[in-house]
Amino acid sequence: MYLKNDERLVQITPHKRQIAHQSTEFYSFVHFTVNTFTDREWGDGKESPKIFNPARLDAEQWVRAVKSAGMKGLILTCKHHDGFCLWPSKHTKHTIEYSPYKQGKGDIVKETADACRKYGIKFGVYLSPWDMNNELYGRGKEYDDFFINQLTELLTNYGEIFSVWFDGACGEGPNGKKQYYDWERYYARIRELQPDACISVCGPDIRWCGNEAGHTRKAEWSVVPERAKDSEIIAEKSQQTDDAEFRQRKVDARDSDLGSREILKNENALIWYPAEVNTSIRPGWFWHESENDKVRSLDELINIYYNSVGGNATFLLNIPPTKDGLFHENDVKRLSEIGEYLDKAFKENLTATATLTADSMEKGFDIENALSDNYDSYYTPEKEKSNAEIIISWQENQNIGNIVLKENILNSQRVEEFSVDIMEEDGWKEVYKGTVIGYKRIVPLKNITASRIRIRIKDSRCEPQLSFIAVYKAVQEEN
Ligand code: FUL
């Protein structure tokens, strides 16, 4: 049913930097620091830079492997919580300059940024706000000044940055140091130096999905209450204040529902804040010899891909280099298997030979508009219609694998519920029930034979707008 109240929700649309980020889809995290040499997940800031010597480091090897998986970006932990910098920062001595790596002349941020550029991969930076090494940490503005200086180095010396990843983790505990970060100042500096970069997690552009295991929600909405913004920061601050109103602002990034009509109905301020799923290819974020045989299976990783990239989120998959400074062969192998799988699963779009019809079309917004994968044109039914039936048919039976649906997110996220049916001898049979579509929904049909498919948009916020429909031929092995 067309609901007048929904008009308010569809007014919320993405910034162009958020659209560019979402279209990056699948990209890698690279966790690398002194922990790689101490076999730990968190350092303590007391490690000597002398232990850091990845003698065979080759950032191009990382980037080639990342690219082989079909990823389009890479985010490097330039500084993790231990404070050790992978670039020769002028503002601390806890850096690569004081390590044996290239006799102190190395700069792994530069090597990585250059390798990304060479292979056409976007480059992003992780800079941990929590710093266990720096003596200024906990001294308010003095630390903020230092942090701003580090940010400035990273955002001016290494070309275009697509993501600045701010981690909310802090293990100081109740008796530890307390640093109240001047987030607004950090954001202003990023906007000034890299206006196209998205600020993730403790930032206003990209939302943490709420877990590190690779789980996704059934319905991931990009329109959420404004108070979900920086939910990590608010969660932390609300523990430190008696201000009841501030505590009220807290929205937990882990909540199972952040964007349904029910949740949004009492919210005055809404924002576009899409989810990112971050997880590691191994149990740990850093490399541990003992985990070489614990690289996650292809099935598991593809499943996460389907639920994240194909579930209106992005997928940030971590691959940790070894002490040598290379990705381990088991990880490299898995990455290329992912790439091979994805190439096959999204190879042949069968709509090229299909006829498409829709039960209702607004003039100039025909269903054929959804055949091309861009936002230049889109399909929408007549005004004030919040449902639609689309039929895709072929002369002959087809072996159908994945169906891909995309909304025209330039005009917000609208579809609430849809289903896919196939025509059998005795009529339509429902083979998939879906919730949201958003940027992209992948419907994994494992080799279904049919010559007619029906997509029913059952409910939408105002009129649904589809920018792309693709029906991919099933992968051979599944025959
Ligand atoms: C967490 C950190 O504490 C982990 O070490 C890792 O960097 C992960 C991505 O975020 O909060």
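A salt bridge here is a side-chain nitrogen of Lys or Arg within 4 Å of a carboxyl oxygen of Asp or Glu. The model is predicted: local features need pLDDT of at least 70, side-chain atom pairs count only at pLDDT 80 or more, and totals for chains, interfaces and linings use all residues. Residues are numbered from 1 along each chain as its sequence is written, and side-chain values use heavy atoms, with hydrogens and water left out.

**View 1. Lysine 141 and aspartate 145 pair within helix H6.** Their side chains form a salt bridge, 3.0 Å from N to O. The structure holds 41 salt bridges. Both residues belong to helix H6 (residues 141–156) and sit four residues apart, about one turn of the helix. Helices (H or I, at least four residues) and strands (E, at least two) are DSSP runs, numbered from the N terminus. Lysine 141 is exposed, at 57% relative accessibility. Aspartate 145 is partly exposed, at 25%. Buried means under 20% relative accessible area, exposed over 50%, and partly exposed in between (1.4 Å probe, protein chains only).

**View 2. Arginine 414 and glutamate 463 form a salt bridge.** Their closest N and O atoms are 3.7 Å apart. The pair links distant parts of the chain, 49 residues apart. Arginine 414 lies in the loop between strand S12 (388–407) and strand S13 (415–424). Glutamate 463 lies in the loop between strand S15 (441–460) and strand S16 (466–473). Both arginine 414 and glutamate 463 are buried.

**View 3. Lysine 458 meets glutamate 430 in a salt bridge.** The N to O distance is 3.4 Å. Lysine 458 is in strand S15 and glutamate 430 in strand S14 (residues 427–434), so the pair ties together parts 28 residues apart in sequence. Lysine 458 is partly exposed at 30% relative accessibility, and glutamate 430 is partly exposed at 31%. Salt bridges with shared partners join Glu389, Asp421, Glu430, Lys433, Arg454, Arg456 and Lys458 into one network.

**View 4. Residues surround the ligand, among them His31, Trp42 and His80.** Others in this shell (a heavy atom within 4 Å of the ligand) include Phe29, Tyr126, Asp167 and Glu212. A polar side-chain atom of histidine 31 is 2.7 Å from a ligand oxygen. For tryptophan 42, a side-chain N or O atom lies 2.9 Å from an oxygen atom of the ligand. Histidine 80 also places a side-chain N or O atom 2.9 Å from a ligand oxygen. Taken alone, the ligand exposes 290 Å², and the protein buries 91% of that (Shrake-Rupley method, 1.4 Å probe).

Conventions. Polar contact = N/O pair within 3.5 Å; in protein donor to acceptor, adjacent residues only side chain to side chain.
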